[in-house]
Amino acid sequence: MNATRRGFLTAAGAAAAQDHVHAQGHDHVHQAVPSDLTLRVKALESLLVEKGLVDRAALDAVVDHYEHNVGPRNGARVVARAWADAGYKKRLLANAGAALAELGFAGQTGENLVVVENSPQVHHLVVCTLCSCYPWAMLGLPPVWYKSAPYRSRAVIDPRGVLREFGLELPKDAEVRVWDSTADLRYLVLPERPAGSEKLSEEALAALVTRDAMIGVAKVTLPQAGGRP
Ligand code: FE
């Protein structure tokens, strides 16, 4: 994924940001060509790098931080609470907006968010076939592949094939459900709690939860001994 972060930071990131400004209203604008803003951002970045004012590696590190540490941590807190507290999980699945407000996320995506629970029998996968609708408040910046045309089309046509490319092979008898996000309704996957995590604190559980697991392209796993998750 590293090779794609440059594009994410510049063209795709700026385009998505603009898309979602529109998406807050009822007009849902989908752009096929780079916008003026995208081109300006790209030109500005090139100039800053050329003049030695900005280091591409440092920019990558910043994007990586927001992509993996800051953004998805909100969603991870919600997932960990649901794993640790059966009553909370029930409320979360029934009315995500109210359940998110309990954790201090009132008014942030919650009113139009639906949480779907993965199980050994049913695996949920989230996509936005039109553009890149995404629960930003819970997951932070959407990854570049989420906005790519191949993911958007193939997630619906061949979800198992897409999951396989992410390294996730589902059992044949498991059902796959694909959820198509819109500006008005977005989805968050509640992943399966990994076996062996029974004694972990809520904080330790949250540290295991990844952005990809909450989109549905990965499962949550325990870290290997001596390594990071
Ligand atoms: Fe969209």
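The model is predicted, so local features need pLDDT of at least 70, side-chain atom pairs count only at pLDDT 80 or more, and totals for chains, interfaces and linings use all residues. Residues are numbered from 1 along each chain as its sequence is written.

**Confidence**

pLDDT is the predictor's confidence in each residue, from 0 to 100. The protein chain has a mean pLDDT of 82. In this chain, 77% of the residues reach 70 or more. Residues 1–29 have a pLDDT below 50. Beyond near neighbours in sequence, that stretch has 45 contacts in the model. Two residues are in contact if their C-beta atoms, placed from the backbone, lie within 7 Å.

**Overall fold**

The protein chain has 10 helices and four strands. Helices (H or I, at least four residues) and strands (E, at least two) are DSSP runs, numbered from the N terminus. Along the sequence, the pattern reads α-α-α-α-α-β-β-α-α-α-β-β-α-α. Take the contacts between residues at least 6 apart in sequence: 68% of them join residues at least 24 apart.

The chain holds 229 residues, and 36% of them are buried. A residue is buried if 20 or more other C-beta atoms lie within 10 Å of its own, exposed if 12 or fewer, and partly exposed in between; these C-beta atoms are placed from the backbone.

**The core**

A nonpolar core is a set of buried Ala, Val, Leu, Ile, Met, Phe, Trp, Tyr and Cys residues joined through C-beta atoms within 7 Å. In soluble globular proteins, nonpolar side chains tend to be buried together. Here the largest nonpolar core has 41 residues. Val79, Ala80, Leu188, Val189, Val209 and Met214 touch the most other members. Helix α3 (residues 56–84) supplies the largest share of this core, six residues.

Val189 has contacts beyond four places in sequence. Among them are Val116, Asn118, His124 and Val126. Val189 also contacts Ala213, Met214, Ile215 and Gly216.

**Strands β2 and β3**

Strand β2 spans residues 122–127, and five of its six residues are buried, so the rest of the structure largely encloses this strand. β2 pairs with strand β3 (residues 175–180) in the parallel sense, over six bridges. Two strands pair if DSSP finds at least two bridges between them. Within this pairing, Val126 has Trp179 of β3 as its bridge partner.

Arg160 lies in helix α8 (residues 159–165). Arg160 is partly exposed because 15 other C-beta atoms lie within 10 Å. Not counting residues up to four places away in sequence, Arg160 touches Leu170 and Val176.

Thr210 sits in the loop between α9 and α10 (211–215). Thr210 counts as buried because it has 20 C-beta neighbours inside 10 Å. Outside four places in sequence, Thr210 contacts Pro72, Ala218 and Val220.

Glu198 is in the loop between β4 (186–190) and α9 (202–208). Glu198 is exposed because 8 other C-beta atoms lie within 10 Å. Ala94 belongs to helix α4 (residues 86–94). Ala94 is also exposed, with 10 other C-beta atoms within 10 Å.

The table pairs each of these residues with a partner.

| Residue pair | Separation in sequence | C-alpha to C-alpha distance |
|---|---|---|
| Arg160 and Val176 | 16 residues | 7.7 Å |
| Glu198 and Trp83 | 115 residues | 9.6 Å |
| Ala94 and Val115 | 21 residues | 8.3 Å |
| Thr210 and Leu139 | 71 residues | 9.3 Å |
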